[in-house]
Structure formats: structure tokens, C-alpha cells
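The sequence and structure are shown first.

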Amino acid sequence: MTEAKDERRPAGELEASVMAALWAAQAPQTPGQVQLSLEAGLARTTVTTILSRLHEKGIVGRRRQGRGYAYFPVQDAHGLTARRMHTELDRDSDRHTVLARFVAQLSEADERVLRDLLESGEQ
């Protein structure tokens, strides 16, 4: 095994870094612009692959810019976290049990927030 393989980042870390760069930019970014903002020594092709995968997942949008694309986040960080929670919930056929166990494991403060949100109907 090569040294480079030993230094692989945990799954999702690169995607999270790319998303952070897009949110910070507040304007659509090309893969080259994202690469420069990351300062992580990644190849532009790697950044392009990550952005393409995020686009396939519906996490980022893109628009034509020259011969390539400029990418932008579809949601803010909180929206993305909520989306991930829904994705996990959808993976299990027994939603009732999953939700019951989730609620049972909430701290008192989080339970209070959830109760207030449900009572107010806030989105």
C-alpha cells in the first residue's frame, strides 16, 4: 500500500470541504476556483469529480460557464443536515421505531426545542 493511500481522508470530508468553500464564496464557483480556495493540494480533476458527484446527489446546482460549469449550493448547511436526516430516515422501513428511538435519545433541551417547533408549526 502506498503512503498516499494511508493518508486518505475520512469519507465525506472532501465533500464537506468543497461545500464549505461554496458556501463561503456566496457565488457560483468553477472547479478551479474551488480548488484554489481549498488549499489542500487537490488536483482540479479531483475537485471536478467531487462537484459532479454532489450535483448528481442534488446537493449542488450548476450553470454553464465557458466550456465547463460553475457550481453553487442548493441549500445552506442546516438544510443539508436536515436532508441527510431525511435520507437516513428513508432507509429504514419502520419509520415509527426510528423516530421513537431518535426522540428517546434527545437531550432535554433538544426535546424542548422539538416540542416547541411541533407546537408552533415552524418550518
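## Packing of α2 with α4

Helices α2 and α4 pack at an angle of about 85°, and their axes are 10 Å apart. The axes are lines fitted to C-alpha atoms, for helices over the stretch in contact, and the angles run from 0 to 180 degrees between N-to-C directions. With that angle α2 is roughly perpendicular to α4; angles of 65 to 115 degrees count as roughly perpendicular, those under 35 as roughly parallel, those over 145 as roughly antiparallel and the rest as oblique. On the α2 side the contact (heavy atoms within 4.5 Å) is made by L14, E15, V18, M19 and L22, and on the α4 side by I50, L51 and L54. These residues divide into 7 nonpolar, no polar and 1 charged. In this division Ala, Val, Leu, Ile, Met, Phe, Trp, Tyr, Cys and Pro count as nonpolar, Asp, Glu, Lys and Arg as charged, and the others, Gly among them, as polar.

## Basis of the model

The model is predicted: local features need pLDDT of at least 70, side-chain atom pairs count only at pLDDT 80 or more, and totals for chains, interfaces and linings use all residues. Residues are numbered from 1 along each chain as its sequence is written, and side-chain values use heavy atoms, with hydrogens and water left out.

## Overall layout

The secondary structure comes to 7 helices and 2 strands. Along the sequence these elements follow the pattern α-α-α-α-β-β-α-α-α. Helices (H or I, at least four residues) and strands (E, at least two) are DSSP runs, numbered from the N terminus.

The protein has 123 residues, of which 20% count as buried. Buried means under 20% relative accessible area, exposed over 50% and partly exposed in between, with a 1.4 Å probe and protein chains only. Among contacts between residues at least 6 apart in sequence, 42% join residues at least 24 apart.

## Packing of α2 with α3

Helix α2 also packs with α3, at an angle of about 105° and with the axes 10 Å apart. The two helices are therefore roughly perpendicular to each other. S17, V18, A21 and L22 of α2 meet V34, S37 and L38 of α3 in this contact. The residues involved divide into 5 nonpolar, 2 polar and no charged.

## The nonpolar core

The largest nonpolar core has 15 residues, and V18, L22 and V34 touch the most other members. Helices α2 (13-25), α3 (31-38) and α4 (44-56) each supply at least two residues of this core. A nonpolar core is a set of buried Ala, Val, Leu, Ile, Met, Phe, Trp, Tyr and Cys residues joined through side-chain atoms within 4.5 Å.

Leaving aside neighbours within four places in sequence, L22 is in contact with Q29, V34, L51, V60, Y71 and P73. Of these, V34 belongs to the α3 side of the contact with α2, and L51 belongs to the α4 side of its own contact with α2. V60 stands opposite P73 in β2.

## The strand pair

Strand β1 (residues 60-65) and β2 run antiparallel and are joined by 6 bridges; two strands pair if DSSP finds at least two bridges between them. The hairpin of β1 and β2 has 2 residues between the strands, and G66 takes a positive phi near 65° there.

Y69 lies in β2 (residues 68-73), and R64 is bridged to Y69. At 26% relative accessibility, Y69 counts as partly exposed. Not counting residues up to four places away in sequence, Y69 touches Q29, T30, P31, R62, R63 and R64.

## The loop between α2 and α3

Q26 is found in the loop between α2 and α3. Q26 has a positive phi of about 60° although it is not a glycine, and is exposed, with a relative accessible area of 72%. A27 is in this loop too and is partly exposed at 35%. T30, also in the loop, is buried, with a relative accessible area of 18%.

A27 and A70 are 43 residues apart in sequence, and their C-alpha atoms are 8.9 Å apart. P28 and Y69 are 41 residues apart in sequence and 8.9 Å apart in space, C-alpha to C-alpha. T30 is in contact with Q65, Y69 and A70, leaving aside neighbours within four places in sequence.
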